[in-house]
Amino acid sequence: MAEVDARPWHESKGLELGNWLQNKCPQRQFGGQAKVDGLVRTLTAAHERLVSLLQTAPLPAAHARELQAAAASVVAAIGVLGGSKRRSPFAAWSEPLIGALSHHLAAGGPLAEQAATALGNLSTSPEMRIQMLASKTIAAMLALVKKCPPAGEADETLLPNTLAALHNVSLLPAAMAEIATVETAASLLPRVSGPTPLARRAVGILSKCATRCPEVVALLVSRGVVPQLAAMLEIGRAHV
């Protein structure tokens, strides 16, 4: 099994670029290492600026909120570069970033949608999942699922990406202990109709809850939804 690179993303990328400049780049005679150092500084400053912008409370002006939504969108696009075998590009800023994104879930509109997308992508990295557990992100995501009405606008982007983050963070036993409740199951049941990404993700989390919480099993039986859930799980296997 390949080892996870423990160095910050900008440092490992700088070394990678440095090796490329030294061994392969025909322009290495033009001060390659200095250019790499400058690029690393630029990347670091850009990451810090994104995190700083998102740490600000949701701004009242529409154009300012659009800027924050755009920043969250950039974080989402970069965050997916982490994954299970690479250190997250935002590992060095995990605490303030995860805290800010969790707060923006309640902002509504594009900012909340992009925050959920960013959390979903960042949650593919183990260190970011640990930070989500420490930052009370799970509580924020569960509160969002509970308050969103079924078949609303949130079903398009906000809830599917929130459930993706919940699914990833549930790989931590301590997180699953927080997720696996009757209240969570009850809020997910209205989302399991139809072969949609939202329904598949809701069923996936419901199945995990059922294996850990007998009260969830009793709820599913009392609602008569076990056959429906079994059919949805079969649909989910077809998409793997």
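Me: What makes the largest nonpolar core a core, and which residues have the most contacts inside it?
Reply: In this predicted model, the largest nonpolar core has 59 residues. A nonpolar core is a set of buried Ala, Val, Leu, Ile, Met, Phe, Trp, Tyr and Cys residues joined through side-chain atoms within 4.5 Å. V75, F90, L101, L122 and L166 have the most contacts inside this core. Helix α11 (residues 197–212) gives the largest share, seven residues.

Me: What does L122 touch, beyond residues up to four places away in sequence?
Reply: Contact means heavy atoms within 4.5 Å. Leaving out residues up to four places away, L122 touches V75, G79, S88, F90, L97, I98, L101, M128 and M132.

Me: Why is S170 called buried?
Reply: Its relative accessible area is 6%. Buried means under 20%, exposed over 50%, partly exposed in between (1.4 Å probe, protein chains only). So S170 counts as buried. S170 is found in the loop between α8 (158–169) and α9 (173–179). Its contacts, not counting residues up to four places away, are A175, M176, I179 and K208.

Me: How many of the elements are helices, and how many are strands?
Reply: The protein chain has 13 helices and zero strands. Helices (H or I, at least four residues) and strands (E, at least two) are DSSP runs, numbered from the N terminus.

Me: What share of the protein chain is buried?
Reply: Of its 240 residues, 43% count as buried.

Residues are numbered from 1 along each chain as its sequence is written, and side-chain values use heavy atoms, without hydrogens and water. Local features need pLDDT of at least 70, side-chain atom pairs count only at pLDDT 80 or more, and totals for chains, interfaces and linings use all residues.
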